[in-house]
Structure formats: C-alpha cells, structure tokens
Amino acid sequence: SGQISDAGSGFLMQNVETVGIVDLEFTDNGVGVDAENVDHLAFTNIEVTGSTSYGVKLRNVEQFLAFNSEVSGGGGAGDAALLYEVDELGDYGFSLAQSTIESDVGNGIQFSLLGGAEDSSINLTLEGNAFATTADNVDAISVDWDGAILASLFTNGFDLSGDHNTAISLV
C-alpha cells in the first residue's frame with residue numbers, strides 16, 4: 001500500500017493497454033486518477049480524496065473495473081467525483097462493486113457520450129455500492145448516453161441530502 005499526494009495528477013495514463021492499481025491512496029491531488037485511451041483499467045482497494053478537480057477522470061477507457069474502492073468528492077463546482085466520458089466509437093464496459101462514491105459539489109458518477117462516439121454501447125454494472133451527494137440539483141449517477149446501454153444495478157444504496165437530487169438519471 002502507498003500514497004500519492006499533492007500532485008497535478010496522482011496517476012496519469014495515456015494510450016496504454018492494461019493497468020491495475022491495488023492498495024493505493026490518492027490524496028489532495030488536482031485529479032486523483034486521469035486515464036485516457038486505456039484498454040483495461042482495474043482498481044482494487046483504492047481511495048481517492050481531496051481532489052481539486054475530478055477524483056477520477058476516465059476518457060475512452062474500454063473496460064473499467066473497480067472493487068472495494070472509494071472516490072470522495074470532486075473539487076471544482078459541478079465536477080463529478082468520477083467522470084467517465086467517451087469520444088471514440090466503440091463498445092465499452094464499466095463495473096463498480098462494493099465501493100463508495102461521494103460528492104459534495106457535483107454528480108457522483110457522470111457518464112458522457114461525446115461527439116464522435118454516437119452509437120457507442122456500454123455494459124454498465126453497479127453492484128453493492130454506496131452513493132452519497134450533498135450538493136443541490138445533482139445526480140448520484142448521471143448517464144448522458146445516445147448509444148445502447150445494458151445496465152445491471154443491484155443492492156446499491158443512495159444518500160441524497162441536497163435539495164432536488166436524483167439517484168439515477170438517464171438522458
């Protein structure tokens with residue numbers, strides 16, 4: 001186990017095939033984990049706290065798996081704790097299990113399908129997680145996706161203490 005703190009990006013990955021991160025804390029970084037164009041990314045026992053922007057920012061990560069991990073807060077107004085965005089056409093997978101996502105300024109998880117990726121599909125699995133938001137007018141899980149979505153959500157808990165919040169928003 002270890003810790004990465006006070007960096008612009010705690011862990012930056014670009015154009016790599018497979019990365020696994022185990023037993024690591026990311027504390028008080030600009031972005032805790034920033035991954036772009038990664039084929040397979042897995043987290044086990046990861047903790048991301050105190051980021052001044054997104055806790056975790058994923059762009060064009062084909063397959064993402066997180067188990068027993070925590071992402072707490074995004075730092076900038078409206079920043080999601082975990083941002084997952086795609087701007088390349090493809091088939092994507094996102095699995096989060098036995099984890100905690102908390103945000104006091106924006107959405108818990110934000111899924112965004114951007115220009116260039118229209119008709120991309122995602123297999124989304126969320127199982128046994130805890131989601132908490134405290135800001136007003138935010139979503140614990142926000143999915144803005146034009147392509148096919150195969151979603152499996154089991155035994156997740158939601159604590160939405162801000163005004164006008166939504167547990168799951170699909171648009």
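In this predicted model, T100 has A130 of strand β11 as its bridge partner.

The structure holds six aromatic pairs. A pair of aromatic rings is described by the distance of the centres and the angle of the planes. Take F94 and F111 to begin with: their ring centres are 4.8 Å apart and their planes meet at 80°, so this pair counts as edge-to-face, the planes being over 60 degrees apart. The two residues come from distant parts of the chain, with F94 in strand β7 (residues 91–97) and F111 in strand β9 (residues 109–113), 17 residues apart. How accessible is F94, buried or exposed? F94 has a relative accessible area of 1%, so F94 is buried, the cut-off being under 20%. F111 is buried as well, at 0% relative accessibility. Both rings also belong to a cluster, in which ring pairs link F43, F64, Y84, F94 and F111.

The pair of F131 and F158 has another geometry. Their centres lie 5.2 Å apart and their planes are at 15°, so the pair is stacked, as the angle is under 30 degrees. This pair, too, links distant parts of the chain: F131 sits in β11 (residues 130–133) and F158 in strand β14 (residues 157–160), 27 residues apart. F131 is buried, with a relative accessible area of 2%, whereas F158 is partly exposed at 33%.

F158 now takes us out to the surface. Together with I149, L153, I168 and L170, F158 forms a nonpolar patch there, with about 410 Å² of accessible area in total. Which strands each supply at least two residues of the nonpolar patch? They are β13 (149–154) and β15 (166–170). I149 has its place in β13. With a relative accessible area of 34%, I149 is partly exposed; patch residues need over 30%, so I149 passes that cut-off.

Terms used: Residues are numbered from 1 along each chain as its sequence is written. This is a predicted model: local features need pLDDT of at least 70, side-chain atom pairs count only at pLDDT 80 or more; totals for chains, interfaces and linings use all residues. Side-chain values use heavy atoms; hydrogens and water are left out. Rings of Phe, Tyr and Trp (its six-membered ring) pair if their centres lie within 6.5 Å; planes under 30 degrees apart count as stacked, over 60 as edge-to-face and the rest as tilted. Helices (H or I, at least four residues) and strands (E, at least two) are DSSP runs, numbered from the N terminus. Buried means under 20% relative accessible area, exposed over 50%, partly exposed in between (1.4 Å probe, protein chains only). Two strands pair if DSSP finds at least two bridges between them. Patches are made of residues with over 30% relative accessible area and no salt bridge: like charges are joined within 9 Å, nonpolar side chains (Val, Leu, Ile, Met, Phe, Trp, Tyr) within 5 Å. Accessible areas come from the Shrake-Rupley method with a 1.4 Å probe; for residues, only the protein chains shown count as cover. A salt bridge is a side-chain nitrogen of Lys or Arg within 4 Å of a carboxyl oxygen of Asp or Glu.
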